[in-house]
Amino acid sequence: MKNARLSAFDMLYDIIYGGAYSNIVLEKGIKTVESKDKAFASRLVYGVVERRLSLDYAINKFLNGKTKPKVKILLYIGAYQVLYMDKIPDAVAVFETVSLCDNIGLSYYKKLINAVLHRIIDYKTEFDSIDDLSIKYSCPQHLINMWTKMYGRDNVADILESINNRPPVFAIPNSKYVDAEELHYELLSAEIDCEIFNDVVKINSSFDLSELKAFNDGLFYIEDYSSYSCANALGAKFDDVVLDLCSAPGGKAFTIAQSGATVYAYDIYEHRVELIKKSAQRLDLSNIITGINDALIYNANIPVADKIICDVPCSGFGIIRRKPEIRYKNLDDIKELPQIQYNILSTSSKYLKSGGVIIYSTCTLNKKENEQVVDRFLKDNKNFSLVKSKTVFPTKNGGDGFFYTILKKTND
Ligand SMILES: C[S@@+](CC[C@H](N)C(=O)[O-])C[C@H]1O[C@@H](n2cnc3c(N)ncnc32)[C@H](O)[C@@H]1O
C-alpha cells in the first residue's frame with residue numbers, strides 16, 4: 001500500500017500531464033491506498049483537478065517562471081491542502097508535501113517548494129477574499145462568459161456554486177424487486193448512510209456500492225437523478241418498442257425497461273455495449289436487446305419504434321462536478337458537436353412511427369448543443385412538433401445539469 005499523498009501525486013501526474021480522465025485514474029489508483037486514507041487521497045486528486053485554475057493563480061504569484069511538471073504537481077498538492085483543507089494544519093501540509101520530494105527524486109527542489117508554500121500560507125487571507133469569479137470557482141473565463149450570455153447571471157451563480165461540490169450518488173431501485181423504501185431499508189441494513197430522495201435513494205457515504213450484496217443481486221443501479229427523470233419523461237409503456245440509440249452505460253435503458261417495454265439499446269463501441277449487457281443481466285432486464293450501431297448512419301435492420309431516446313455525445317458541461325477536468329475544455333474543440341448531434345437526431349427520427357415521440361437529450365449546459373440543435377431539426381422537419389423542453393441546472397443535493405426535449409411526430 002502506498003502513502004496517500006504519493007498515490008495522489010502519481011494519479012495527478014497521469015491526469016494533468018497524461019490527459020487521463022480523473023474518474024478512471026481514481027478508480028484504479030485508489031486501490032493502492034489503505035482504506036483509512038482513501039477518502040483523503042480521493043479528495044486531494046479531485047480537489048487539485050477542480051481547483052487547478054485557482055491554484056495556478058496562487059502558485060504563479062510566488063514562483064518565478066516555469067518549473068518541471070513533477071514540481072508543479074507537488075506545489076498543487078501542497079497549495080490545495082493549505083488553501084482548501086482546513087482540517088490539515090499548514091505546517092503538516094508543507095512538511096508532508098516537501099517530504100515527498102525524496103520519494104520521487106526531487107530532493108533538489110525541497111527548498112523551492114517549501115518557500116513557495118510558505119508564501120502561499122501568508123497570502124491565504126487575501127486569496128480567500130478574491131471576488132473574480134474565474135479564480136474563485138476555478139472556472140475558465142470563456143465558459144463563464146458563454147453561460148452568462150446563454151443563461152443569465154443568476155443561473156451562472158448557481159452553476160458555479162455547484163461545480164466544486166462532491167455530487168450526490170443516486171441508487172435507483174429495480175422495481176422488479178424493490179421500491180425506494182425497501183431499497184433504503186436494505187442499504188441501511190448494510191450500514192450505508194443513505195436517505196430516500198423522491199422515488200430513489202440518495203447515498204451519503206463514499207462506499208464502493210458494487211461490493212454490496214444488494215447490488216450484485218440486482219436490486220438497484222446507479223444513475224444521476226436528472227438522467228433518471230429524463231428517461232421517465234419518455235413515458236414508455238408495457239407494449240412499446242423503444243430505441244435507445246446512444247445507450248451505454250445504459251442508465252436510461254434500465255429505467256425505461258422497467259415499464260416492460262422492449263428496449264433496443266445500441267452504442268457505437270463494442271466494449272460499451274458489453275457494459276449495458278452486463279448490467280441488464282445483473283438487473284434481470286431481459287427485455288433489453290443490445291447491439292452495436294453507429295447512430296449517424298441509417299440502419300434498415302433497426303425496427304420502427306413507438307418511442308426513441310437520443311442521448312447524444314456532448315461537451316458534458318452539466319456534469320463538471322463528476323468529471324472536474326471538463327471545465328478546461330477548449331471551446332474550439334467542441335465546435336463540431338452540434339452538427340454531429342443534429343445528424344444523430346435526424347437519423348434517429350427516421351425510425352419513429354407516426355404519432356410516436358422522441359427525446360433528444362444531453363448532459364451539457366450549452367444552447368448550441370441543446371436548443372439550437374432542436375430548433376434546426378424542427379425547422380427542417382415540419383412533421384415534428386415540440387412537446388416540452390427542459391433545462392436542469394445542477395444543485396448541491398440534486399441532479400446534474402441536463403437538457404431534454406420531447407418531440408412528437410405528427411400522424412402522416
Ligand atoms: C451521453 S452517453 C449516453 C449515456 C446513456 N444514455 C445512459 O443513460 O447511460 C453517449 C453515448 O453515445 C455513444 N456514441 C457516441 N457516438 C455514437 C454514435 N455515432 N452512435 C452511437 N453511439 C454513439 C458513446 O459511446 C456514449 O456511450
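Reader: Is Lys36 buried or exposed?

Author: Lys36 is exposed, with 64% relative accessible area. Buried means under 20%, exposed over 50%, and partly exposed in between, using a 1.4 Å probe and counting protein chains only. Before we go on, remember that this is a predicted model: local features need pLDDT of at least 70, side-chain atom pairs count only at pLDDT 80 or more, and totals for chains, interfaces and linings use all residues. Residues are numbered from 1 along each chain as its sequence is written, and side-chain values use heavy atoms, with hydrogens and water left out.

Reader: Which residue forms a salt bridge with Lys36?

Author: Here's the general idea. Side chains of opposite charge can pair when their charged atoms come close. The rule for a salt bridge is a side-chain nitrogen of Lys or Arg within 4 Å of a carboxyl oxygen of Asp or Glu. Lys36 pairs with Asp37, and their closest N and O atoms are 3.3 Å apart. Asp37 has 21% relative accessibility, so it counts as partly exposed.

Reader: How many salt bridges are there in the whole structure?

Author: The search finds 15. Among them is the one between Asp224 and Arg322, at 3.2 Å from N to O.

Reader: How do I read an aromatic pair?

Author: Take rings of Phe, Tyr and Trp (its six-membered ring) and check whether their centres lie within 6.5 Å; planes under 30 degrees apart are stacked, over 60 edge-to-face, and the rest tilted. This structure holds 16 such pairs. In one of them, the centres of Phe215 and Phe220 are 5.4 Å apart and the planes meet at 65°, so it's edge-to-face. Both of these residues are buried. Phe377 and Phe384 are edge-to-face as well, with 5.0 Å between centres and 70° between planes. Phe377 is buried at 0% relative accessible area, and Phe384 is buried at 6%.

Reader: Which residues do ring pairs link into a cluster?

Author: Those are Phe62, Tyr80, Tyr84, Tyr123 and Phe127.

Reader: What lies over the face of Phe215?

Author: For a charge over a ring, look for NZ of Lys or CZ of Arg within 6 Å of the ring centre and within 35 degrees of the ring normal. Over Phe215 you'll find Arg282, 3.6 Å from the ring centre. Likewise, the charged end of Arg376 sits over Tyr342, 3.6 Å from the centre of that ring.

Reader: And the ligand: which polar atoms lie by its oxygen and nitrogen atoms?

Author: A polar contact is a pair of N or O atoms within 3.5 Å; within protein, one must be able to donate a hydrogen and the other to accept it, and residues adjacent in sequence count only if both atoms are side-chain atoms. A polar side-chain atom of Asp311 is 2.7 Å from a ligand nitrogen. A polar side-chain atom of Lys252 is 3.0 Å from a ligand oxygen, and a polar backbone atom of Gly250 is 3.0 Å from a ligand oxygen.
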